[in-house]
Amino acid sequence: MLTSVLFVAGAVYLAFPFSRGLTTLMPLSFCLGLGLGAGQPMVMSLLHSHAPPGRMGEAAGVRMSLINAMAVVVPLLFGALGGTIGLAPVLWSVGVCLTGSGWLARRERRSA
């Protein structure tokens, strides 16, 4: 499921630069939100199962710290990049990274 979420999010980011109106942005945004939202409970479950015994709170705290730090850093970085090279290459790079991550996760799961 997490692999498919990565593929869906990657495909949406790759398609965003081609959308020119509200009628295409709304379904793409819905698919992105649905995909990323569907993955969150599974991420928490994985975190809970892989955290050392008695340290789930610390693991969840580190996760939230990273999420909040990225909520500050990523918009600044992508805004600077988007202002310099344009928005489409930034969105395409995010899409390629997500799709590549899905491909690597799928490959890793098959070899395990």
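How many residues does α1 have, and how far does α1 reach from its first C-alpha to its last?

View 1. The model shown here is predicted, so local features are given only where pLDDT is at least 70 and side-chain atom pairs only at pLDDT 80 or more, while totals for chains, interfaces and linings use all residues. Residues are numbered from 1 along each chain as its sequence is written, and side-chain values use heavy atoms, with hydrogens and water left out. Helix α1 has 14 residues and reaches 20 Å from its first C-alpha to its last, close to the 20 Å expected at 1.5 Å a residue; the expected span is 1.5 Å times one less than the number of residues. Helices are DSSP runs (H or I, at least four residues) numbered from the N terminus. Thr 3, Val 5, Ala 9, Gly 10 and Val 12 of α1 are buried, where buried means under 20% relative accessible area, exposed means over 50%, and partly exposed lies in between (1.4 Å probe, protein chains only).

**View 2. Two aromatic pairs.** The search of the whole structure finds 2 aromatic pairs, a pair being rings of Phe, Tyr or Trp (its six-membered ring) with centres within 6.5 Å, called stacked when the planes are under 30 degrees apart, edge-to-face when over 60, and tilted for the rest. Tyr 13 and Phe 16 are edge-to-face, because their ring centres are 5.9 Å apart and their planes stand at 75 degrees. Phe 18 and Trp 92 form a tilted pair, with 5.8 Å from centre to centre and 40 degrees between the planes. This pair links distant parts of the chain, since Phe 18 is in the loop between α1 (2-15) and α2 (22-50) and Trp 92 is in helix α4 (residues 87-111), 74 residues apart. Phe 18 counts as exposed at 59% relative accessibility, whereas Trp 92, at 34%, counts as partly exposed.

**View 3. The salt bridge.** The structure holds 1 salt bridge, defined as a side-chain nitrogen of Lys or Arg within 4 Å of a carboxyl oxygen of Asp or Glu. Arg 55 and Glu 58 form this bridge, their closest N and O atoms being 2.7 Å apart.

**View 4. Helix α3 and its kink.** A kink of about 30 degrees is centred on Met 70 in α3, the bend at a residue being the angle between axes fitted to the seven residues ending there and the seven starting there. The buried residues of α3 are Ala 59, Arg 63 and Gly 82.

Note on methods
Helix = DSSP H or I, 4+ residues; strand = E, 2+ residues; numbered from the N terminus.
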